[in-house]
Each structure stands twice: as structure tokens, then as C-alpha cells.
Amino acid sequence: MLKLNISSGRVLEQLKLPVPPDEFKRKVDEIRAAGLPNAVPSICNAASPVPVLNWHLQGIRLDGDVTLQKLNQLAETIDGLNAAGHYHLSKSLDSELQQSLDNVLRIATHIKPSSMDYYEVIPDMTSHQELGKWLVEHDHLGDKVPEALRPYLNYHSIGIDYCNEHEGEFLTDGYTGIRSGAMEQVMEEQGVLHLTLATADRWYYLTLPTSGEEMTRAKQDLDVEDFSQAGITAVKFSSPYLDGLLPLDTITVEDANTLAMCLQEMEQEDGGLLKFCAVLEVEQPDTFVEAVSIAMDRDDYERVPEDMDEYGKQVLRRVGADDEVIDTIDGYMDFAQLGRDSMEEDGVRRTEFGLARRLSKPFPPAPEIGQAMM
């Protein structure tokens, strides 16, 4: 159920949706008549099984039948979702940027039933303490905890750790979080890059990577023939590592979708995203297109071990030495010195995300502080 508190200046009324359209319209007309002259009824706040909806629906003006129909449809959609669906909707809505009713409705109605398999629901949980106790009592953490030890456990901390690990939330249905081993599927569903597109009177929240059909739908909703006719007003990455590393002033929707596909592949690669961030820090691309090219050509780079001894052994493997040879000369060779000398020759650069090198052509040496300031 979706409960709306509606005001037109003087009065504050609560409506429970969904309701028959005629009844909805009649009630809004009554609120308008009882309010201030020329005041349009608007939503003050909203209560639902998805608490974050309150923020996204605040301020919506009930100034037309179409808006009332969309709110009714949203309420029906919410009622048709189970606890996992409510959680999925909560996670899919931007927590930093208020979204339009059209976007909220679109996200809610496009939740795939298959996505629900990714989530774990534990009913009637309202706190980390309750969750931690339930997890222990149901042997949900692996090894069974002896009864004698349970009175001494910090159930609150257990619940917090479990929530953090599974991105869990306490909704009106209870606790819901991502099942163990399902994180990759959920990330694919929720996308890795989010754009807010806007024209003079419309805007659209686009989750990437996406299909050609969704790109076409975005253009239709924005009433544009080409994305160049709309502005990109906000860019958000699912990974905080990328913030500040990309030249977003030259971003386009099409290039962003290409990068999002690469980022999704990187999430399947061991250390792939950290390598990309390290390379961006060194290469410092001037345009978004250059950053996309680096992402597509990421096999030309590698992160290297911090341990000089291990890097020296890696250099020997590169020239054909196998582990047997390396084990044989261990104790008779200074691997660390070889590693230090080779790092300089290979153009290895230190970054916030680890050491990185370019395979095709060594990175130039890092500029001296005095040179960088000139």
C-alpha cells in the first residue's frame, strides 16, 4: 500500500492507494477546494514498504489526471511485489538524486521476476540485534555455535557485519539482502554507471550498460532524436574508485554505455577495476573517448606486485625461467635487486591503486614535484 500525505496550503489529507480513479480525482479536488486559492495539491510525504520512495515522491504536484493514474499504477506495482521486489526497487532508486515519477514508475514496472532469486528474505527482523540472534540460532553463519557460548555473543555486531557483507536493509517486510554468491548477478541487474539526462522540461535516469531498446525508450521519453539534444546533468558510478579519474566534461551517452560494458567485464576479472583505476591515474586521459580506449585496451597494462623479491622472480618468468629454475637459484641470487632495477627499466609507476606498468611501451618516469608545478 502507498500512503500519501497531500497538502494544498491549508489542509493535510492522507490518501491510501491504489483507489478507483474517480475516487482519487474527487478527493484531490476536495483538497484543492479546501486549500489556498490557486494552490495545487502536492505530496508532502509518502509511506510504503520502500521507505526511500518518500524522498522521490515528495513535492509531486497533483495537477492532472495523468499524474494520478501514474501514482495509482505505482501503488498497484508495489502491492504486486514481494519483499525481495521491494528491496530491489529500493536498491535501484538513486539515493542521492531525486527522480521523477516517470522514472520511479519505469524502474518499478521493469523489475524482472528472475531477479528475486538473488535475494534472501528473513521476515519480522527489525534490528541488527534480532538479525544476529536469528543467524546464530539457525546456524546461518556456517559452523554451529555451541549453546554454552551463545549468551556471550555480540549479536548486534554479528547482524551489522552480515548486513554490510550482503548489502542488507530492514524494510517493512523484515530483513532483505543479497544472497551469498549472487553479488555479480545483482550488479549486472543494477548496472555500473548511471546517467541523468535532461531537456528543458523532461529528464530521464538511465542505467548502463543497457540495450538499444532502452536507449530508444530514453530518447522517446526525452522527446529527442539524438542524445546530443539532451544534457547529461549527473554521472554516478557504482564503484567509488572511479570518482575524479575520468574527464566527464566530454562524456556522451554512447561512450558511457561502451565504458559501462567494459566496467562490467572488469568486475569479473581479478583486480580488473583496480588496474583500470591505476592506469587512469597514470595516463590522465584528456577526453572521455581516450578513457574508453584505455578500458578497451586494458590488456596492454598490468598491476605488479609491491614485493621487490616477487617482482624479480616475475621478471625471470617473463624471460622463460620456470619455477624449478627459480627454486634452484633461490639463495644464490638477489631477486629483490633485480626487481628494483627492472621496475625502473619497465617504467613501473606507483599509484593510489597499486603499482602498474604498460606492456607495449614503458610509462615515462613520474615528474619531479618541481617540474609538475612549473
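Me: What makes D139 partly exposed?
Reply: Its relative accessibility is 32%. Buried means under 20% relative accessible area, exposed means over 50%, and partly exposed lies in between (1.4 Å probe, protein chains only). So D139 counts as partly exposed at 32%.

Me: Before we go on, what kind of model is this?
Reply: This is a predicted model, where local features need pLDDT of at least 70, side-chain atom pairs count only at pLDDT 80 or more, and totals for chains, interfaces and linings use all residues. Residues are numbered from 1 along each chain as its sequence is written, and side-chain values use heavy atoms, with hydrogens and water left out.

Me: Why is R150 called buried?
Reply: R150 has 8% relative accessibility, so it counts as buried.

Me: How do you know that R150 and D139 form a salt bridge?
Reply: The term asks for a side-chain nitrogen of Lys or Arg within 4 Å of a carboxyl oxygen of Asp or Glu. In this pair the closest N and O atoms are 3.5 Å apart. Therefore R150 and D139 qualify. Both residues sit in the loop between α6 (128–137) and α7 (155–166), eleven residues apart. Helices here are DSSP runs of H or I with at least four residues, strands are E runs of at least two, and numbering starts at the N terminus.

Me: What makes K25 and D29 a salt bridge?
Reply: Their side chains meet at 3.3 Å, N to O. That value is within 4 Å, so the pair counts. K25 and D29 are four residues apart in helix α1 (residues 21–34), which means about one helical turn separates them. K25 is partly exposed at 35%, and D29 is partly exposed at 32%. K25, D29 and R32 are linked in a network of salt bridges.

Me: Why does the pair D323 and R317 count as a salt bridge?
Reply: The N to O distance is 3.1 Å. This is within 4 Å, so the label holds. D323 has 44% relative accessibility and counts as partly exposed. R317, at 35%, is partly exposed too. The whole structure has 19 salt bridges.

Me: How do you know that β11 and β12 pair?
Reply: Two strands pair if DSSP finds at least two bridges between them. Three bridges join β11 to β12 (residues 354–358), so they pair. They run antiparallel. R349 stands opposite A356 in β12.

Me: What makes β10 and β11 edge strands?
Reply: The open sheet has the order β10-β12-β11. β10 (301–304) and β11 (349–351) each have a single partner strand, so one side of each lacks a neighbour in the sheet.
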